[in-house]
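These are my notebook entries on a structure that I went through feature by feature. I record what I looked up and in what order.

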Amino acid sequence: MSEYFAPIRDMQFVLKELAGLEEVAQLPGCEEATPDLVDAVLEEAAKFAEEVLSPLNIPGDLEGAKWHDKAVTMPAGFKEAYKLFADSGWTALACEPEWGGQGLPKVLAAAVAEMWKSANHSFSLCPLLTNGAIEALVLTGSEKLKKDYLEKMVSGVWTGTMNLTEPNAGSDLAAVRTRAEPQADGSYKIFGQKIFITYGDHDMAANIVHLVLARTPTAPEGVKGISLFVVPKFMVNDDGSLGERNDAYCVSIEHKLGIHASPTAIMAFGDHGGAVGYLVGEENRGLEYMFIMMNAARFGVGLEGVAACERSYQRARDYARDRIQCTDIGERGGPKVAIIAHPDVRRMLMTMRAHAEATRALAYVVAAAHDAAIHHPDAAERKRNQAFVDLMIGVVKGWSTESGVSMASMGIQVHGGMGYIEETGAAQHLRDAQISTIYEGTTAIQANDVIGRKIAREGGATLQALIASMRAFDAELAGQAGSHFDAIRKRLTAGVEALAEAGDWVVATYRDDVRAASAGSVPFLTLLGIVAGGWQMARAAVIAQKKIDGGDADPFYAAKVVTARFYADHILSRAAGLASSVTDGAVGVMALPEDMF
């Protein structure tokens, strides 16, 4: 029996009303994304998530991935689920048709991926990394590498990994020491160790294609001397069949707080003479290429935050409906009621619901912009959309995942003491969600990138364009009557002005006092996420009200308006305080001497 039910109604609303699916389907190469096809894909994905992946979630957590003699065995059911996943075409959904993909828009793939992550976080990580590796090879690989690897990876017969981190090189990739020695046949021998490699080994696919950062003998120091290599688990013969085992082995897997069914490998390359690797693109441009994969992964991890909000909300809501405890507040001697009747439980559930809807809306809107950045026929529109995507990917990753952790924690609070007991399942969501704020770059790394590379470097131009769009929307809000819209407009207006103030301060301060600007980077990222999410919630409320005014009695629309009102009062209301932390908070961060800690 499934414990997760895909929120298809909200997904359809966001795709069609907020992300502009109709406009996406008019882009060259996206024409097949008709409303009927999109609905069919969502319905089939929901069935797979609910009937195949969700039932494996708790058993997979309890059993975990197992390592023995340099090989990993997945929990019961995972191998069969993955084969069905690949055979059903889910690995190929948004991939290039040239390599066997279906070529559907990223915005649709985002909605489908959210379902995988909600249903089974650990399982979803395998296709996440594979899709990132595919994207990197499509954009930077030689024709031979594409011919040898892409079709099998797109079909899901083979999977992919990303090998960056080393024991001495975590977020500081300039410290990478894995080496690549050129060979006479044009290949390289790879020597070194990589850690924290998601799905570095498993028994679900015939081959694993590792993308590995390493240095050649002539490489300059620092990040400018890093190259990218394809290192397969099994060598690939000229006819596409698998050859001998490569010298790339999983020597251990980590014992972790969560995502127990996802093997996090320690990989050893070259312990037995050297692992054969093939250069991707040009020498010393590896970090640039890896960022293609990393940005895809960062967006995917952001969807994990959306999923954690949704999944935790569903479990907490269902528990609150069933748990009978205390009489209704303000009554004496009355019957005991379900805790969903209690005001503070309602506040927590509304907080979780609002975060799920806001993070989903923002992620899908960014995904649609990504489609436009790739496919729009007008170069200026492609550039404008790409700038928006570049600014917001770090926000989708950072704000959504931090929200996921907070909402999973709140879900435990709704359960009370039973939330701390593993059998309810609430604790697993928190354990699994916690890693999302860390891998593919911590929240602080995302925030520093947002204020530095994405805002200060361009003088805040893209941020100002975003703020201008938010301000322009005020005219639509002003045309709506009623107390809900008065509150939404008041809070969104204040939030946008707080964002503008903080953004101007970052631009003015970053060049002369980068430490002060960086001290407020995470509050700024949170502020940008909250306001951008509030903008989407306000858009949703206006659209919903128009449906209501047109005679549509679907209670979904009334709930949209109320949830947007709650978001404005309880979440957008934090904007002014966050802006103050950005502009005034650096002194308190930096004043205490290091030896006083």
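This is a predicted model: local features need pLDDT of at least 70, side-chain atom pairs count only at pLDDT 80 or more; totals for chains, interfaces and linings use all residues.

Residues are numbered from 1 along each chain as its sequence is written, and side-chain values use heavy atoms, with hydrogens and water left out.

Entry on loops. I looked up Glu-282 and found it partly exposed, with a relative accessible area of 48%. Glu-282 sits in the loop between strand S12 (275–279) and helix H8 (286–322); helices (H or I, at least four residues) and strands (E, at least two) are DSSP runs, numbered from the N terminus. From C-alpha to C-alpha, Glu-282 is 9.4 Å from Gly-141, although 141 residues separate them in sequence.

I then checked positive phi values in residues other than glycine. Asp-69 has phi near 55° and belongs to the loop between S1 (66–68) and S2 (71–73). Asp-69 counts as exposed, at 60% relative accessibility. For Ile-259, phi is near 35°, and the loop is that between S10 (248–253) and S11 (264–269). Ile-259 is buried, at 5% relative accessible area.

Entry on the core. A nonpolar core is a set of buried Ala, Val, Leu, Ile, Met, Phe, Trp, Tyr and Cys residues joined through side-chain atoms within 4.5 Å. The largest has 177 residues, and Met-115, Trp-116, Tyr-364, Met-392, Phe-524 and Leu-528 touch the most other members. Helix H17 (residues 521–549) gives the most to this core, 15 residues. Beyond four places in sequence, Met-392 is in contact (heavy atoms within 4.5 Å) with Leu-362, Val-366, Leu-466, Leu-528 and Ala-532.

Entry on helix packing. How do H17 and H18 lie relative to each other? They are roughly antiparallel, a class for angles over 145 degrees, whereas under 35 counts as roughly parallel, 65 to 115 as roughly perpendicular and the rest as oblique. The angle between H17 and H18 (residues 555–570) is about 150°, with axes 8 Å apart. Axes are lines fitted to C-alpha atoms, for helices over the stretch in contact, and angles run from 0 to 180 degrees between N-to-C directions. Among the residues that meet, I noted Gly-533, Ala-540 and Ala-544 in H17 and Ala-558, Val-561 and Tyr-567 in H18.

Methods. Buried means under 20% relative accessible area, exposed over 50%, partly exposed in between (1.4 Å probe, protein chains only).
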